[in-house]
Each structure stands twice: as C-alpha cells, then as structure tokens.
Amino acid sequence: MNRNLRNAIIAFLAPLPSIVFYLTFLRNHSPASDSELSFIHSWCLNHPLLLANLLFFLNVNVLFWVIGLLQSSHWMIDVYWTVIPVMLVHYFASHPLAQYNKLRSMIVVSLTWIWSIRLTHNYFRRENWEWGAREDWRFNDLRKQYGKHWWWLSFFSVYVSQQIFLIGICLPLYVIHSVDAPLNIWDFISSVICLTGIVMAYYADTQLHEFVTGNQKLKEQGKPKIPNLDTGLWHYSRHPNYLGEQLWWWGLVIFAWNLGQGWTLIGALVNTLCLVYVTILVERRMVKQQYRAEAYRAYQKTTSVWIPWFKSHVAATKDKNT
C-alpha cells in the first residue's frame, strides 16, 4: 500500500470514534436503566458545548497526536482544520437541545460547506493532491527548535492550541443553533461578509497557486524565478488570502452578535491576533530567501499588509521614473 492511499484511509477512519459515539447517543433517546449509562446520556444531553470539547480532546488531541507521533508528521490537523467546522455545525444543529431559525441555519450550514470545500480544495491543490505529503512548515521549524522535547510539546502546540482556536471561532455556530429568532437585515449583511471572504480567499489562493506553479516551471527550465507576486489581489494587499479568511470568521461573529451573543467574538479575535503573528513569521521567512529579499522589502514598503489599498507614493514615483 503506497503512502498516499494509507494516509487517506487513516484520515477517513480517524474521526470515526466521535462520529459513532454521537450517533449512538442520538439514537438512544431512552437509555437503559443502568445508572452509569443514564448518567452519561444525561450529561451529553445537557452539556452540548462541553461534549463537543470532550470529543475534540479525545479524538483529535489524543488520537491524532498519537498518529502524528507514529508517523513522525502532524499533517492531519491541517486537513481537519477545513473539515471540523462542518462537523461542528452539523453537531450543533442535530443536538436534541438545539433550537434555531431553520432558514438561518440552512444559510449558515450552506456557507460553512462552501467555505470548507474551498479551503479543502486549496489544501490538496497545494499538496499536489496527496494526503500527508508534508506537515506545516511551522511545525517543522518547532520540531527542529525543540528537538527531543518536541514529542510531548507537540501535544500542546499542535493539538490543544488548535482546540482552543477551532472551538473558539466556531462558537457563533453554536449560538446560531441555540437561539430561535426571526431573520433580519443583519443576517443578510453577515451572509454577504462571509461570502465575500470566501470569494476573496479563493481568488487570492488561486493567484498564489498559479504564481508558485509558474515559478516551479521556470526553475525546471533553468530560468530565474520571479521573486514576488505583485498582480491581481496581491497588487493591493500582501496577504489578501488572510483577509478573506478573517472576513469569513467575523461574518459568523455578526450572526451571533445579532442574536445577542456578541461575546463570541473572543474566538475570532484570538484567531486574528494569531494570524497577525503568522503574518510576521511569513514575512520574516520571505526576506530570508536571498533571491527575493530585496524585491519583497520593496513590496513591504509600497503595499498594504491586509486591507487592499492603492500602492504608496514610493511605488508611484518608482513607476514614473521607470
């Protein structure tokens, strides 16, 4: 069995413990008289958010971590980052205590699927349609940094941290399926923001993929690579894909705020702050690459970081002189 097929099978089988447990819970509306089973069922029924966290901890944090140790690669969390929000939105919608506006739920579930398909497609396109070809470069850097301690540190830095991020940014999905209120103009605004984010991220990632693919072809032909992507959305923003992703999550926050649960912004806020740090790491990595360092520094001086905007006066002057 080749590695690609083996990893695909592992990825499909890995979440089954949680799925089987939850489906069994849904079927047993009247649990057996056994006091322990009755207690477990009652706890699962009355604590939907805690149950989601418990299943995440056992199935993702523990099981995925063990698989990552056995394979010496924590690649699978990247794949499931694009899938877990879909699993969570269906979990929240199907839980016996769920109460919600059906049309609002249908809109949000549909948007979540579109977001997930877009991001999953981008992941596999970037990885040449292979399962587990490599792990995130940040994990690889941490592996080198912490050496023999990485095996246990990875549990916290890769998995526990992802639980905090993913459950946090998905809190609006929980609120949407906990409050039954009529639709209003804010639902339309939220939907537009979410959809705008998805579309922006799609075009930004597609332009980046075409740029990377083009550079790879130039390298194979023995020609010099183009140092920097400065066309399309990337002409107006250094990280339009990050902006698109943030618009998606903050659009969900507006859904929850509209339902009187604005506190759920904490997840999106933490995610945004994390992405600010990732932006710094990415840009440091870019200027360390000798063939593009000078061009990227000039790009930094003339182009907005996230919010799309026109080139600065420095760029305009340079173009005029050219």
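Biologist: Which residues are linked with R118 in a network of salt bridges?

Modeller: R118, D205 and E245 are linked in such a network. Please bear in mind that this is a predicted model, in which local features need pLDDT of at least 70 and side-chain atom pairs count only at pLDDT 80 or more, while totals for chains, interfaces and linings use all residues. Residues are numbered from 1 along each chain as its sequence is written, and side-chain values use heavy atoms, with hydrogens and water left out.

Biologist: What makes the contact between E245 and R118 a salt bridge?

Modeller: The term requires a side-chain nitrogen of Lys or Arg within 4 Å of a carboxyl oxygen of Asp or Glu. In E245 and R118 the closest N and O atoms are 3.8 Å apart, so the pair meets the cut-off. E245 lies in helix 12 (residues 240-258) and R118 in helix 7 (residues 102-126), so the bridge ties together parts that are 127 residues apart in sequence. Helices here are DSSP runs of H or I with at least four residues, numbered from the N terminus.

Biologist: Are E245 and R118 buried or exposed?

Modeller: Both E245 and R118 are buried, a word that means under 20% relative accessible area, with exposed being over 50% and partly exposed in between (1.4 Å probe, protein chains only).

Biologist: Why is D230 called partly exposed, and which residue does D230 bridge to?

Modeller: D230 has a relative accessible area of 32%, which is why D230 counts as partly exposed. D230 forms a salt bridge with K311, the closest N and O atoms being 2.9 Å apart. D230 lies in the loop between helix 11 (185-220) and helix 12, and K311 in the loop between helix 14 (293-302) and helix 15 (313-321), so this pair ties together parts that are 81 residues apart in sequence.

Biologist: How do you know that E283 and R238 are buried?

Modeller: E283 has a relative accessible area of 8% and therefore counts as buried, and R238 is also assigned as buried, at 8% relative accessibility. Their side chains meet in a salt bridge at 2.8 Å, N to O. The structure holds 10 salt bridges.

Biologist: Why is the aromatic pair of Y22 and F25 called tilted?

Modeller: Rings of Phe, Tyr and Trp (its six-membered ring) pair if their centres lie within 6.5 Å, and planes under 30 degrees apart count as stacked, over 60 as edge-to-face and the rest as tilted. The rings of Y22 and F25 have centres 5.9 Å apart and planes at 35 degrees, so the pair is tilted. Both residues lie in helix 2 (residues 16-27), three residues apart, about one turn of the helix. Y22 and F25 form one aromatic cluster with Y91, F92 and Y174.

Technical notes:
Helices (H or I, at least four residues) and strands (E, at least two) are DSSP runs, numbered from the N terminus.
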